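Student: I would like to learn how to read a structure feature by feature. Please give me the general idea each time, and then the case at hand.

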Amino acid sequence: MLTGSCHCGAVTIQVSRKPRTLTSCNCSICRRHAGLWGYYDKGQIKILARKNALDRYVWGDRCLALCRCATCGCVTHWEPIDRASNRMGVNFRNFDPSVIESTRIRRLDGANTWKLLD
Ligand SMILES: [Zn+2]
């Protein structure tokens, strides 16, 4: 079990294991907040937060909501809008830096081709 949290501690994220890779994406939103994404099935993630502790940002084709702490603003994860979708992304910037240091980072061209650049 790995546990991360936003800066103020209002939002805690638990995942069952380290991701095999992390993704750095250059799309219009990711390039701005500079998250490093690990992808999981919903059942492998626990988000612990009080009601109203999270703000959600939805844009464009409205396929996912980007979630951030309403207090400190750290982007913690994204969740699918479509309830049938099982995939979620966790921002590993909220975890101990040793997790990032020991995990391969892939660069995703989310802005254009949706292909990996490395
Ligand atoms: Zn916070």
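Tutor: Strands (E, at least two residues) and helices (H or I, at least four) are DSSP runs, numbered from the N terminus. This is a predicted model, in which local features need pLDDT of at least 70 and side-chain atom pairs count only at pLDDT 80 or more, while totals for chains, interfaces and linings use all residues. Residues are numbered from 1 along each chain as its sequence is written, and side-chain values use heavy atoms, with hydrogens and water left out.

Student: Is I47 buried or exposed, or partly exposed?

Tutor: Buried means under 20% relative accessible area, exposed means over 50%, and partly exposed lies in between, with a 1.4 Å probe and protein chains only. I47 has a relative accessible area of 27%, so it is partly exposed. The C-alpha atoms of I47 and L2 are separated by 12 Å, and the two residues are 45 apart along the chain.

Student: How many bridges join strand 2 and strand 5?

Tutor: Strand 2 (residues 11-15) pairs with strand 5 over five bridges, in the antiparallel sense. V11 has A49 of strand 5 as its bridge partner.

Student: Which strand pairs with strand 4?

Tutor: Strand 4 and strand 9 pair over five antiparallel bridges. Y39 is in strand 4, and its bridge partner in strand 9 is G89. G89 is also the bridge partner of W78. Strand 8 (residues 75-80) runs antiparallel to strand 9 and is joined to it by two bridges. Strand 8 and strand 9 form a hairpin, with six residues between them.

Student: Why is strand 9 described as largely enclosed?

Tutor: Strand 9 (residues 87-91) is largely enclosed by the rest of the structure because four of its five residues are buried. Y39, by comparison with the cut-offs, is partly exposed at a relative accessible area of 25%.

Student: What sits over the ring of Y39?

Tutor: A charge sits over a ring if NZ of Lys or CZ of Arg is within 6 Å of the ring centre and within 35 degrees of the ring normal. The charged end of R87 sits over the Y39 ring, 4.3 Å from its centre.

Student: How are aromatic pairs read, and how many does the structure hold?

Tutor: A pair of aromatic rings is described by the distance of the centres and the angle of the planes. Rings of Phe, Tyr and Trp (its six-membered ring) pair if their centres lie within 6.5 Å; planes under 30 degrees apart are stacked, over 60 edge-to-face, and the rest tilted. The structure holds four such pairs. One of them is F92 with F95, a stacked pair at 4.3 Å centre to centre and 25° between the planes. F92 is buried at 0% relative accessibility, and F95 is buried at 6%. Ring pairs link Y40, F92 and F95 into a cluster.

Student: Which residues have a positive phi without being glycine?

Tutor: Among them is A34, with phi near 60°. A34 lies in the loop between helix 1 (30-33) and strand 4, and counts as partly exposed at 40% relative accessibility. N52 has a positive phi of about 70°. N52 is in the loop between strand 5 and strand 6 (54-57), and counts as exposed at 65%.

How values were computed: Two strands pair if DSSP finds at least two bridges between them.
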